[in-house]
Amino acid sequence: MNNKILLKNIVLFLFPLLIPVFILGSFAIIITDKYMKESITNNNLNTLQQLEQQTNIVLNEMHLLHLDYNWNPQIILSLQNILDSDYLTLDQKRNLEYGRGTLRRKDIATDYIHSIYVYYMNDKDRVLTSSSGVRNIDTMYDQDWYKEFNSNSTNEKLWFETRNIAPYEFVKPDPVITIYKNVFKTNAPNAEGLIVLNINQDFFKNLISELNHYHNQSIFVIDENNNKLYGNSISDEMEINDLSLTNKQETYELKINNKNYIVNQLYSEEHKLRYYSVIEKDIIYFLPNQLRLLTIVFVFLSLILGAATIYYLSRKNARHVSDIIKILNTTNQNEKELIKNVSFKDNEYQLIVRRILKNYIAQNNLEKELNNKEYQLQSAELLALQNQINPHFLSNTLAIIYWRAMALTGKPNKVTKMLETLTDILNFSLRIKHHTVTLEEEIENTKNYLEILAIRSDKYFDVEWDYSPDLKHVQVLKFILQPIIENSLQHGFDYESDADCLHLKIKIRLDHEIIRFTVIDNGQGIESDRLHDLQNKINKNEYTTDHIGLTNIQKRLSLIYNHDYKFIIRSKKGCGTVIIIEHPITANYK
C-alpha cells in the first residue's frame, strides 16, 4: 500500500513538472534552431550577394570598354586606321598613345584588371594592348585569346574562360579570368573584332577571404556552361558535378562522400552566373547543435532535480498517509494509543487524524451492525422487486387465456401457442437467478412476450429491432425491455380509433462500456402534466401499484447500479413516447 501511494504521488506531482519543462524546452530548441539556421542562411546569401555585386562592378568595366570600342565611331575609325597603316602619322601616334593610355590607366587604377586587348580585323594581325600598345599577335607570348575570335559569330553576350597568362616565357604566369565580348562596329551582322578583359583571380580569392564566415566554407562561381570561374582554395577540393546543378532552390542539403552539406546558391540572370556557398552541415550548424544539446541537458537536469524533490516529498507524504490508513483500520484502541507511534508529530496530519478519529471510533461498531442489516434489507427488496413483475404479467395473461379457451376447440390454436410462450417466459424467470442476463436471452424473452401480446391484442402493432449481433453476449439488466414495451402498448393505442396502428422501434447500442436501450413508439403520447406526475411517481421511494413496470425497472436500476444509470422518459401528446435506459455492463454489477 505504501509503495502504491508513493508511486501515485510521484506521478501526480511529476506530470505538472514535466509539462512546463517539456514545453519550454521544446520551445527553446525550436526557436533557437529555427532562428540560428535562418541567420546562417541569410549570412551565406548576403555573402553571395556581395560577391555578385563586386563581380558586376568588374563586368561593368567590359561594358564601358564595349561602349568605347563598339559604338564610338571616332575611336573605332582611329584605331582601325592605326591597325591597318604601314606607317603612323603624327595624329595617329597621338591617338595611339591616347588609346593605350586610356587602357593603361584602367589597368593601373583597378587592382583587379590584369590586362586589356582590343582587336579589330586587319591585314597586319595587330592588336591594341594595355601593357605595350599595338603589337603583332604573333609576337605576343599570350596568343590563346585569339582562338576565341570568330568572324562569323553573331554572339552579343559575354563569355568567360579561366587561363594562366604571362607577358614572357620566363615570367611565372598569372591565373586570370578572361572575359570576351565581340565587336560589331555599329550594328554589323557579324563580329568584326574582339575585346578581351583579363581579371586577376587573386582579387576574387582575397575578396572571398574577407567575406568568408565559416571554417572550411567553399565559395565559388560557375558560368552557364558549369565551368568554375573563380573561388577560394577550399573550393578546389569540390567537384562541380556533385552539386545537383539542376536544383534551383536557394538552400538545400546534399550528401557527398557520406557527409551532409548545406548548399546556398544565387543565380545572376544578367550574366548567367551562379554563386555557390558549400559547407559541411556539422560545421555550419555547430553552434545551434551545441545550444540544442545544452537545452536538452538543462531539461534533463531539471527533471532529475524535480523528480528527486518530488520523490522525497512524496515518500514523506506516503508514509503519513500509510499511518493514517493503519489507524483507520484499527478499531480496538483509543485515540491516544492510535497516534502514539506515527510518523507525524504536531503537524497538519495529526490534526486531521484527531478530527477523523473523534467520529470514526465512535461510529465504527455501529456501521458494522448497520451494514449487515442494510445488506439483508437490500437483497430482500431487490428480490421482491424482481419477482413483482411475474404475478402482474401472469394475472393479465391467464385472464385472457381463460376467455380465449371458452371460444376455441381442443385443437392446437392461439391458446396453446400462448401457453407455450408463457411457459418459456416463466422458465426464463425461474431459471436465471442473477440480476443480469445476456442481451440475447433478454431479447428472446421479450420476443416471446410480444407473441403473446400479438395474440391477445385487438389492435395491430409491429416491432422494429435495431442492434448489432456483436452485442448478444453483453450482460444487461434482467426484464429491462418487457415492462417498457407493455407500457407502450397499454398507453400508446388510441382505443377511440378503429384504424389505429402502433409502431415500436427498439434500438440497442454499446458506448464505452455503457449499454443504452431506446424504445420509441408513435402512440398518442403523454401530456406534459401527466408526464411530470409519472416521473415523480417512478422516482419516489415508496412502492406504487400505478405504472408498476416502469417503477420496478427504476428501483432495480437504483439498487444494483446505485446512481450509475439513466432512466429518461420523453413524450409529447399526439407524437409518441421515447424511453431511454442506460447502465454499465461491468462485471462488478452482475
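Which residue of β2 does Y117 stand opposite? Y117 stands opposite T129 in β2, where strands are DSSP E runs of at least two residues, helices are H or I runs of at least four, and both are numbered from the N terminus.

This is a predicted model, in which local features need pLDDT of at least 70, side-chain atom pairs count only at pLDDT 80 or more, and totals for chains, interfaces and linings use all residues. Residues are numbered from 1 along each chain as its sequence is written, and side-chain values use heavy atoms, with hydrogens and water left out.

| Strands | Bridges |
|---|---|
| β1 (residues 113-120) and β2 | 2 bridges |
| β2 and β3 (residues 133-136) | 4 bridges |
| β10 (residues 259-268) and β11 (residues 273-280) | 8 bridges |

The hairpin of β1 and β2 has 5 residues between its strands, and D125 in the turn has a positive phi of about 55°, whereas the hairpin of β2 and β3 has 3 residues between its strands.

Elsewhere, an open sheet of 5 strands with antiparallel pairing has the order β8-β7-β11-β10-β9. Because β8 (228-231) and β9 (251-256) each have a single partner strand, one side of each of these edge strands is left without a neighbour in the sheet.

Methods
Two strands pair if DSSP finds at least two bridges between them.
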